[in-house]
Amino acid sequence: MSIRGKAFVAGIYEHPRRDIPDRTLTQIHAELALGACADAGISLHDVDAVFTDSTVPGMGSLSLVDYLGLKTTYLDNTETGGSSYVGHVGHAATAIAAGKCSIALCTLAGKPRNPNRGGGGGGGGRGGGGGGPNPDAQPEGSFEGLWGLGGAPYQYALNATRHMYEFGTTSEQLAEIKVAASLHAQHNPNAFLQQVFTVEEVLESPMISDPLHRDDCCVITDGGGACIVVSPEVARDLGRTNAKILGHGESPKHADNGRVDLTYTGAVWSGPRAFEEAKVTTKDIRYASIYDSFTITVLETIEDLGFCEKGKGGEFVLDGALVAPHGKLPFNTDGGGLCNNHPANRGGMTKVLEAVRQLRGEAHPAVQVADPQIVLAHGTGGSLATRMGSATLILGQEDA
Amino acid sequence: MTTTGNNLPSPPPSPNFDTREFWDATAEGRFLLKRCNDCGVVIWYPRFLCPDCSSTNTSWFEASGKGTVYSYTVPRRAPGPYRDAVPFVVAYVELEEGPRIMTNLVDVAIEDLTCGMPVEVVWHDTGQGNALYRFRPTAG
């Protein structure tokens, strides 16, 4: 496929000022977005994709769509210095040609004449504080970073509390998810944790941040993973069993102007997009790699992808539902992030890799699903409690 | 029974061009929110434009300082100045005006915590010309 003739530049705007001591970087991006949309004759809320660089305070485009209040289907923070923005236009055209979005905002802003003075407190989202004003601290920083919340477990615990309150989910049900992962990890000689856990052992592990225990959390590991994606022509020539990409969906979920809802994830949007593109339903999925930074991450994601009704995840995971090869929804047969590997504190790639192993029939024989045909890999990023990225990938065997 | 939150540090915020008015008002014990003058929605966190309708026509008003607990957690380990304050409570409080905001709960026993608990704002001076908003169970 070529992008030739598949996309057009419809609106442009250059900031009129050359010295801007009285704006945050994010405010300038907002002005640029409004200006470009006005020139194109569209509303800012028509934008469904954002392409920018890594200098936007926070997590680049994810923090920017939170600030702008956008609901997008595609984000890109590709960082190649000054060439980034030319590349972004090409990436936007590629995404549009592929049907992933239709109105892309590409934006660059900077303030080298007015660099940050002061210590950067509040910008790191960790403890905050100190050093005086930092005009370009990430916009939400002082409203989230001053309350003593450490890393991810402390944030995801907020989701668990609310899910328990609304739906009666229990710590025992969350523990079942760790148990299932550990039953798989025992067969993986490279797994960081190879012991089989019981529900009781999980509940007896130290409390990290109520209601999450240590063993509700993923492992911390070095390492990584990689994969190669090729054209159908190359795939044919390679002569091996390849995993066919059937569908993909993405969505940020952000704080939505204070309408925080801790009971669901971005999978409610990324999942349906992937299923629609793949032309399959949850009933077709024989194996799922579900992002498992914490047990609560898995529980909410299973509901959001539609494997069970919202609020019923706690019941769904009982009775070995997640255990391969015979459970209702065999998951994370490598042991997942909960027991095997969560390299760089990011589990997205390992989710893809085990899904491909399952399709190829190369998972450990004890956990290999019989002829899985169609599998799913789901990734979660950022924080379930504030702003997160969500990506769903559906893969099939070559004749799928 | 452990009453929590009486030993919390109060690290200063980093006011910027979006939030200077908010943090200045905290020195006087006033909790300001922004409202969109075009669509009427209450905006949180404070920012340059309305995230609902993209209007830049917004203005500040004083909130009641009352709300209810939406969710909470009790960190057993914490970074930086909070290291010695554990256990304490981090929560989302749903303000009467609508937004759910992250904060600490104070003057509350951990075993008494529930979602839906009515709370009201208290102010903790940072020593830097502003104060942190925290919430305690509403009296009575």
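Okay, let's start with a term: a salt bridge here is a side-chain nitrogen of Lys or Arg within 4 Å of a carboxyl oxygen of Asp or Glu. Side chains of opposite charge can pair when their charged atoms come close. With that in hand, here's a network to find on the screen: A:Asp66, A:Glu140, A:Glu144, A:Arg387 and B:Arg47 are linked by salt bridges.

Some housekeeping. This is a predicted model, where local features need pLDDT of at least 70, side-chain atom pairs count only at pLDDT 80 or more, and totals for chains, interfaces and linings use all residues. Residues are numbered from 1 along each chain as its sequence is written, chains are lettered from A and ligands numbered from 1 in the order in which they are written, and side-chain values use heavy atoms, with hydrogens and water left out.

So, how many salt bridges does the structure hold over all chains? There are 25. Take A:Lys100 and A:Glu277, whose closest N and O atoms are 2.6 Å apart. A:Lys100 sits in the loop between α3 (84–97) and β3 (104–106) of chain A, while A:Glu277 is in helix α9 (residues 267–278) of chain A, so this pair ties together parts 177 residues apart in sequence. Helices (H or I, at least four residues) and strands (E, at least two) are DSSP runs, by the way, numbered from the N terminus.

Are these two buried or exposed? Buried means under 20% relative accessible area, exposed over 50%, and partly exposed in between (1.4 Å probe, protein chains only). A:Lys100, at 17%, is buried, and A:Glu277, at 36%, is partly exposed. Another pair is A:Glu303 with A:Lys310, at 2.7 Å between the closest N and O atoms; A:Glu303 is buried at 4%, and A:Lys310 is partly exposed at 29%. Over in chain B, B:Arg30 bridges to B:Glu28, with the closest N and O atoms 3.0 Å apart. There, B:Arg30 is partly exposed at 30% and B:Glu28 is exposed at 57%.

Now, where the chains meet. 51 residues of chain B are in contact (heavy atoms within 4.5 Å) with 59 residues of chain A. The area buried between them is about 4500 Å², and carbon and sulfur atoms give 60% of that; buried area is the accessible area (1.4 Å probe) that two parts lose on being put together, summed over both.

The rule finds 3 salt bridges across this interface. One salt bridge joins B:Asp52 to A:Arg259, with the closest N and O atoms 2.7 Å apart. On chain B's side, the elements giving two or more residues are α1 (20–26), β3 (42–43), β5 (66–73), β6 (89–95), β7 (100–105) and β10 (131–137). The largest share, 5 residues, comes from β5(B).

Last stop, the inside. A nonpolar core is a set of buried Ala, Val, Leu, Ile, Met, Phe, Trp, Tyr and Cys residues joined through side-chain atoms within 4.5 Å. The largest one has 118 residues, and those with the most contacts inside it include A:Leu68, B:Phe31 and B:Tyr133. Helix α6 (residues 171–185) of chain A gives the most to this core, 7 residues. Leaving aside neighbours within four places in sequence, A:Leu68 touches, among others, A:Ala30, A:Leu44, B:Arg47 and B:Leu49. Apart from that core lies another, of 10 residues, among them A:Val356 and A:Leu393.
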